[in-house]
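Please look through the model below with its open spaces in mind, and then with the pairing of its strands in mind.

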Amino acid sequence: MNYEIADVKQEDKDKLYKLLQYALYDSSQYIDNDINEDCVFEYKWFDKYFTDNNRNAYFVKSENRCLGMVMVNENLKFNKSGKCIAEFLIMPKFRKNHIGKNVAYKIFEKFRGDWEVQPMENNPGAYSFWKKIISEYTDGNYTIKNDGIEDVFIFNNKWEDYSCE
């Protein structure tokens, strides 16, 4: 399947918010995150993705269909600078097709340097996905540190020439 990673533009803010709701719903079974009185999962940093230079949001699209989204920021636990995956969603219908893997690789390649990825440990599927992806992407050249709650996968791809295939 052909797909692209496209910047989320201001005019598509509502579409990203809808996709984020799916991601938050999906993760609500693993963390204490409930809908508010308007039946919406709150995400207090959402608007900052359209005002702050250190936050980026992308759609994963195939033709006119949205397959998912990625949100990247610089809210790091251990590094002084770098990027982290804040939110990552590939719609269930498109999982198991290596789309998630390839999207993660392309996002890592887009921002060379220090990376931190902190999957929810109590979400075995997400933890397993990220551990496998990062291990393969870095050829095992990563570390795991625990922030007192969850593991954080840490690596640097500044000088490495990792393949996206």
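Helix 3 supplies eight residues to the lining of the largest pocket, the largest share; helices (H or I, at least four residues) and strands (E, at least two) are DSSP runs, numbered from the N terminus. This is a predicted model, in which local features need pLDDT of at least 70 and side-chain atom pairs count only at pLDDT 80 or more, while totals for chains, interfaces and linings use all residues. Residues are numbered from 1 along each chain as its sequence is written, and side-chain values use heavy atoms, with hydrogens and water left out.

The largest pocket is lined by 46 residues, with F88, P119, M120, A126 and W130 nearest its centre. Here a pocket is an open set of points on a 1 Å grid over the protein atoms alone, where a 1.4 Å probe fits, with protein on both sides within 12 Å along at least five of seven lines, and lining residues have an atom within 4 Å of a point.

Strand 7 is largely enclosed by the rest of the structure, because five of its six residues are buried (under 20% relative accessible area, 1.4 Å probe, protein chains only). Strand 7 pairs in the antiparallel sense with strand 5 over four bridges, and with strand 6, residues 143-146, also over four bridges; two strands pair if DSSP finds at least two bridges between them. V117 stands opposite F153 of strand 7, whereas T143 has I154 as its bridge partner. Four residues lie between strand 6 and strand 7 in their hairpin, and G148 in the turn has a positive phi of about 100°.

Notes: Buried means under 20% relative accessible area, exposed over 50%, partly exposed in between (1.4 Å probe, protein chains only).
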